[in-house]
Structure formats: C-alpha cells, structure tokens
Amino acid sequence: MQNPIEVFAIRSRRITRFAAGVVLGAGLFCASGSPSFLGAQTAPASINFDQVTMVFRLDASGTTYVMGVNEHGALQTLYWGKRLAAHDRFAAAKSEPNYALDVSETITLQEYTGWGGALYVEPDLKISYPDGNRDLVLKYVSNTFDGDTLHIVMKDIDRDVFVTLEYKIDEGTGILRRSSTIENRTRAPLVVEQAMSGTWNLPRATDYRLRYLSGRWAGEDNINELPLQPGKTVLESRRGTSGPQKNPWFAIDHKGATEESGDVWFGALGWSSSWQLSVEQDSAQQVRVTGGFNSFDFGYRLKPGERLVTPPFYGGYSAKGMGEASRLMHRFQVDALLPHLGDSTGPKLRPVLYNSWEATEFRVEEPGQMALAEKAASIGVERFVMDDGWFGQRKDDHAGLGDWYVNKQKFPNGLKPLIDKVHSLNMSFGLWVEPEMVNPDSDLYRRHPDWVLNFPGRPRSEGRNQLVLNLARPDVRAYVFGFLDKLLSENDIAFFKWDYNRHWTEPGWDAAGPENEKKVYVEFIRNYYSVMEELRKKHPQVEIESCSSGGGRVDMGVMQYTDEVWTSDNTDAFDRLTIQNGFSYAYAPAVMMAWVTDSPTWVNYRNLSLEYRFLSSMQGSLGIGANLNKWTPEDFSKAKAMVAQYKKIRETVQRGSLYRILKPENGSEQSLTESVSRDGKQAAVFAFLHSSRELYPFPRIYLQGLDDNAMYSLTAFAGKLAPDTPSSASGSYWMHHGFDTELRGDFQAAGFTLERTTP
Ligand code: GLA
C-alpha cells in the first residue's frame with residue numbers, strides 16, 4: 001500500500017525523503033541543537049503532505065504554514081502562524097458555506113484564485129480568451145517536491161490554463177517565498193490581465209493593524225499605521241520602479257502588538273517595477289493580502305505554450321513583535337537573498353566608501369578626484385567612488401546620459417591614471433552609471449530616438465531633462481550590457497553605483513506591436529535583472545549599489561543582484577534617523593548606505609557636529625560624502641578615529657540583530673538602536689537626542705538581546721556615561737537595571753560598545 005504521508009526534512013538545504021512512520025517515530029521534529037541566530041533553538045524545517053487528508057504543512061524556524069485541497073478541489077489556507085507541535089494534525093480542508101449574497105468561493109480563504117465563478121474578492125489571476133470568455137476557476141491537479149520547494153499545479157475546470165504555485169521555505173527564518181507560473185496550454189493566445197504572486201490569508205480575527213512605508217525624494221521610508229477595517233487598502237507603484245512613494249513591504253499585527261511582543265505577519269514583493277499589494281478585509285472580516293504585478297494597464301499576451309512567471313512574494317511571521325519581524329527580514333536578506341560573492345558565510349562586509357557627489361557634483365576631473373582620493377585614504381576609506389559627470393558631454397543634468405565614453409577634457413588619459421592612483425592608496429575604485437537613461441541632448445538619442453519609452457507621435461515628457469531607454473528592447477539591452485561590460489573589461493572597476501533618476505511615463509513600446517506592447521512592464525525589469533546577472537557572472541568580483549534619486553529602487557527583487565542600496569539623497573544626519581528607522585522595518589542595515597556629509601547640510605541648513613554625523617551613518621553601511629577639501633586637521637583626526645571605530649563594530653552592525661529601543665517616531669526627542677553580533681560577543685549602541693526639555697534627563701538605556709548570565713564590559717566611544725556606571729556587569733544588569741548617558745542639549749549623540757568577557 002502506498003504510504004499516505006510524505007515528509008521531507010530540509011537539512012542544510014538538502015532534502016531527505018522519509019517514510020512517514022520512520023520520520024515521525026524517529027523524532028524528525030526534535031530540536032536540532034544548533035543555536036539559531038535569533039537566540040532560539042529551532043527544529044529542522046520540513047515539508048509534509050498527507051495524501052489522505054490532502055493537507056500540506058510547511059514548518060521552519062518558528063513558523064508553521066498549512067493548506068489543504070478542499071472538497072471542491074480549491075487550495076485553501078488552513079493556518080499561518082507560530083510553529084505548532086509536530087504531532088498536531090489538521091482535518092481535511094472544507095469550504096465555507098454560502099453566506100447570504102457571498103457564495104462559498106468568495107468567503108473561503110484560498111491560496112490562489114482565478115477571476116471567475118462567484119468570486120468578488122481580489123483575484124490572483126484574471127485572463128481573457130480570444131472568444132471573449134473571461135471565466136477562470138482553478139482547481140488542484142498535482143504536486144511535486146524539489147529540494148526545499150513545493151510545487152502545486154492547478155488548472156482551470158475546463159480550459160488548459162495551468163498555474164504552478166511555488167512555495168520555498170527558509171530554514172533559518174521560516175520566511176516563505178511564493179510565486180506562480182501561468183501557462184497557456186490551449187490552442188489559442190490569451191491575455192493575462194492581472195497576475196499576482198499569491199494571497200496571504202491571515203487567521204480569522206479582527207483588531208488587525210497594517211504598517212507600510214511611504215515617502216518621496218529626500219523623505220523616504222516613513223512608517224505608517226492603519227487599523228484594518230472593512231474595505232480594501234491598495235499599496236502600489238505605477239512608475240516602473242518600486243518606490244519611494246510606497247515600498248512593496250507590509251506588516252500586519254494583531255491586537256496592538258508592540259516592538260517587543262505580539263503576533264506580526266509581514267511580507268514583501270521581490271519586484272522592482274510597477275507592483276500592487278491589496279490588503280482586503282472581506283465581508284466575513286477576513287484579511288487577505290494579494291500581491292504581484294500592478295494590474296493597472298497590465299496585459300500580457302501568452303501564445304500557446306508560453307508562460308508568465310510572477311515576482312516572488314515573501315512572507316513571514318513573528319511571535320515576538322515588530323522588532324523580531326524586522327530581524328527575520330534582515331537575516332533572510334543577508335543569508336538567503338543578497339549576492340554572496342563566493343563567500344559561503346554571507347555577503348561581503350561593506351567597505352567604507354567615499355563618494356564625490358556632494359563635494360564636486362558634475363565638476364569631476366582628474367586632479368580634483370585624485371586629491372579627494374588621497375584625503376579619503378588618509379582617514380581609512382576602503383573604496384573611492386566617482387559619481388556623475390565623467391562621461392560624454394556631461395556638465396550638468398541637461399546632456400550626456402547615454403554616451404558612456406570618458407570625457408577627454410576631464411580625463412585626458414582615460415580613467416586609468418585615476419584608478420591607478422586609487423589603487424596605490426589601497427582603495428578599490430567605483431563608478432557611477434545610469435544605464436537605462438538618455439538625455440535628448442546626447443549622441444545616443446540623436447542616433448536612436450526610437451529607443452525610448454514613448455507613444456509615437458505623442459509628446460515625450462521629460463524628468464530631470466531625461467527619457468527612459470526601453471530596456472525591454474533587445475537592441476537596448478545589448479547596448480546597455482555592452483557598454484557596462486566594456487567598462488569592466490577595460491578598467492579595474494570594483495563597483496557600480498547604478499542610478500535611475502526618472503520614473504516612467506508614456507510607456508509605449510511600438511516595435512513590439514499592439515498585441516505585445518504592454519509586456520514592457522515585465523520584460524524591461526527582467527532585462528534589468530538579467531544584465532546585472534550576466535555582468536556578475538562575467539565579472540564575479542563586481543559589486544553594485546541600487547540607487548534611484550536616493551531610495552527609489554529598494555526592494556527584494558533588486559537585492560538579489562545588488563550588494564547595497566543608496567538610502568536617500570537626504571544626508572542630513574538628523575533626518576536620516578527617521579529615514580533609517582523606517583528602512584530598518586523592512587531592510588537590513590547591511591545594505592543601508594549612509595554617508596557622512598558636510599554641515600550645514602544642503603537639505604535643512606542644519607548644523608550638526610562631525611561626531612553626530614558619524615554616529616548616524618555608522619548604524620548602516622558607512623560612507624563619506626563630504627567635501628574633504630574643506631575639512632580642518634581636527635576633522636581629519638576625528639574622522640580617522642570614527643572610521644577605525646566603525647571597522648571594529650561593522651560586522652555587528654551589518655550582520656547582527658537590530659533592536660530599535662527608542663524609535664524616532666511620533667515626534668520623539670530621542671532615538672536609540674542596539675545591534676548584537678551573531679556570536680553574541682559584542683553589542684553596539686547608538687543614542688541621539690534632538691533637544692533637552694524641562695531638565696529631563698535622557699531616558700535610561702535598557703539593552704536587549706544579551707545573555708543574562710554573561711558579563712559584558714561597557715565603553716563609550718562617543719559621548720559620556722553617567723559617572724556611577726560600572727565598567728563591567730552582567731547581561732541582566734544592562735538589560736534590567738540599565739545605564740545612563742549624559743546627553744543634554746540640542747542634537748547630541750553618543751556611541752557605546754559592549755564586549756562579552758565571559759564565555
Ligand atoms: C541621483 C543620486 C545622487 C547622485 C546624482 C548624480 O540624484 O541619488 O546620489 O548620484 O543622482 O546625478
């Protein structure tokens with residue numbers, strides 16, 4: 001007789017297949033004994049399928065996800081939340097009964113719905129056939145396991161439209177990666193009018209609250225909260241890039257979960273073009289989050305035999321509040337998403353870089369850049385990046401984009417002398433590029449006016465005096481790959497800052513023909529990813545930063561191909577506390593590039609001490625963007641000390657666990673973060689005060705994430721501790737008794753480290 005239960009244990013990314021009795025009896029779900037990064041002991045991950053009840057169960061880290069095929073053949077969500085006992089069993093899925101005007105399909109929580117039948121809630125897939133039929137009802141067909149991935153095949157009740165749902169579970173965090181592949185096996189073409197990656201269904205309950213990120217140029221990553229009530233909230237981008245107006249991330253907590261406790265479900269789309277997240281509370285008060293390609297103006301034609309793959313949609317669960325939800329995202333990004341550059345222990349630690357933009361803007365030339373490079377090297381900078389202005393006839397933002405040859409007036413002997421100089425100073429060299437853009441005043445545009453996104457005969461709106469090259473076109477892709485490859489082949493370039501300073505308008509793709517024109521929404525970004533993938537394959541040491549007028553292209557799609565992101569053009573170190581706080585909800589400090597720039601800043605004309613500016617930037621990946629020609633000897637020596645200090649704690653900041661202890665939200669006067677290293681041996685603490693008021697002291701600092709019984713020594717590397725602070729105490733003491741810092745005045749900051757002194 002066939003064994004009714006198939007269980008797959010995922011160990012070290014390898015899958016072992018067991019017979020059910022053996023597995024359960026042999027304690028497959030026992031604690032593995034290896035301490036997890038987040039401090040808990042976790043059982044191994046597994047995927048389990050019960051062929052009798054038709055229930056699928058995925059377990060990893062602290063999370064269990066369960067779904068089942070119901071009596072109508074629909075795939076129904078049964079559970080998503082805290083990890084359950086291995087012996088907990090689920091009955092077969094059973095659809096909800098019809099309820100007044102809402103029939104079963106619309107009330108039953110399904111994993112992936114076609115628009116058809118009696119569905120009123122947001123569908124995952126909507127198609128139209130050439131005969132005018134638009135009805136699509138998807139039913140379970142089969143499933144397969146492949147490594148740590150489960151595939152479930154669904155099909156329309158009549159026509160040969162297939163959808164394969166993919167579920168991949170991450171052992172370290174329990175984060176699930178979902179996507180769907182839509183395949184036309186009929187004999188005629190069809191048009192996909194809406195394609196989502198999947199729907200996350202929350203447990204049936206009320207009192208949910210949504211958090212999401214919104215922003216604008218120089219004001220990215222504001223965190224917003226919204227109670228979920230009947231109705232639908234749609235978060236989206238229609239701009240051909242992921243942000244910054246909204247970011248494709250969400251978190252939903254239950255009953256007012258806090259930073260430290262309570263249930264939080266969270267997720268993010270891995271897509272860098274127009275996207276959509278619909279958060280819907282239906283008439284039965286159930287909450288569903290459906291996400292994927294933006295359905296506005298969408299229309300992807302599939303010929304017989306063709307397929308469309310949706311973006312990945314990641315989702316996770318935290319039983320320990322919002323802080324843990326963020327730490328799970330950070331860990332997943334560092335361990336399972338970012339490029340690893342051949343180092344199996346994780347992505348490369350980010351080097352301290354210098355960037356010339358705020359110092360010189362477009363006025364780059366050989367002697368000036370060399371002088372800056374010397375000064376940058378003297379304070380311990382490891383990478384020198386030349387920003388905009390080195391190519392074509394680029395004097396300002398009116399001309400030159402698209403002409404990627406070195407400007408001979410500025411660099412008479414090409415880039416080599418500057419690169420050699422940078423190398424002689426023991427730094428690597430990085431270069432700014434904006435590959436998908438063109439100025440109408442450029443040789444490229446004069447040669448290929450048809451290469452830009454536009455509708456022929458209609459106006460072409462400009463933004464920052466530039467147009468968007470249609471990277472979906474094979475010739476544009478070849479041009480972009482060609483010049484980037486040439487730059488890397490002819491020069492020793494370690495890093496591209498890949499910019500994107502204009503959103504889409506008039507997204508016409510005439511050459512594709514009317515039937516395929518709207519494919520631009522997908523093919524453009526697929527080519528963007530594939531250019532980076534191919535470049536990285538051919539030049540394995542190259543690293544890339546994603547920039548889009550600051551943080552306009554930060555998402556889990558681009559993070560598969562880039563090593564860091566530019567957080568914001570706003571480099572005011574006080575404003576940055578808010579931006580970086582919002583950023584940290586969804587994305588890892590490791591990728592959060594933060595420069596120390598001049599004071600007063602161009603943004604707010606605010607004066608901040610150099611120490612304050614450093615401490616603000618040291619919470620992420622440290623860079624320097626100041627005009628070093630204006631610095632005093634005291635500035636240089638302070639900067640040298642701070643860079644040296646950063647190098648001592650960067651692994652903790654970039655790979656450790658982040659605790660947002662005092663959040664710069666709702667007008668708070670203080671901000672305080674703590675990062676604890678993965679091995680638990682070090683913690684780094686950053687404290688900021690906007691203004692003292694009415695004689696109140698800075699709040700006492702209660703740390704988190706330490707070992708109660710271990711001893712830690714505390715040092716202030718910036719600012720002062722209260723005189724009675726012990727130099728060494730237990731983890732319990734630092735977490736429960738706490739310590740005081742003497743921060744008083746306006747725009748004050750302090751930095752502390754704790755080193756564990758006992759095993
Ligand atoms: C964008 C980037 C900046 C800088 C300029 C150059 O605004 O965000 O950091 O590179 O472009 O033009």
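This is a predicted model: local features need pLDDT of at least 70, side-chain atom pairs count only at pLDDT 80 or more; totals for chains, interfaces and linings use all residues.

Me: How many salt bridges does the rule find across the interface of domain 1 and domain 3?

Reply: Two salt bridges turn up across that interface. There are also three residue pairs in polar contact between domain 1 and domain 3.

Me: Which helix gives the most to the domain 1 side?

Reply: Helix H3, residues 321-337, with three residues on the side that touches domain 3. That side of domain 1 has four charged residues, three nonpolar and no polar ones.

Me: OK, and how many residues are in contact on each side?

Reply: Seven from domain 1 and four from domain 3. Together the two domains bury about 510 Å², and 42% of that is on carbon and sulfur atoms. Their centres, taken over C-alpha atoms, are 39 Å apart.

Me: Where do the domains run, by the assignment?

Reply: Domain 1 covers 4-337, domain 2 covers 353-566 and domain 3 covers 662-756.

Me: Switching to the ligand: which residues come nearest?

Reply: Asp387, Asp388, Arg464, Lys497 and Asp569, out of 13 residues around the ligand.

Me: What's the distance from a ligand oxygen to the side chain of Asp387?

Reply: An N or O atom of the Asp387 side chain is 2.6 Å from a ligand oxygen. For the Asp388 side chain, the value is 2.6 Å.

Me: And Asn501, how far is its side chain from a ligand oxygen?

Reply: For Asn501, a side-chain N or O atom sits 3.2 Å from an oxygen of the ligand.

Definitions and conventions:
Residues are numbered from 1 along each chain as its sequence is written. Side-chain values use heavy atoms; hydrogens and water are left out. Domain bounds come from an automatic or database domain assignment. Contact means heavy atoms within 4.5 Å. Buried area is the accessible area (1.4 Å probe) that two parts lose on being put together, summed over both. A salt bridge is a side-chain nitrogen of Lys or Arg within 4 Å of a carboxyl oxygen of Asp or Glu. A polar contact is a pair of N or O atoms within 3.5 Å; within protein, one must be able to donate a hydrogen and the other to accept it, and residues adjacent in sequence count only if both atoms are side-chain atoms. Helices (H or I, at least four residues) and strands (E, at least two) are DSSP runs, numbered from the N terminus. Ala, Val, Leu, Ile, Met, Phe, Trp, Tyr, Cys and Pro count as nonpolar, Asp, Glu, Lys and Arg as charged, and the others, Gly among them, as polar. A residue is near a molecule or strand if one of its heavy atoms lies within 4 Å of it.
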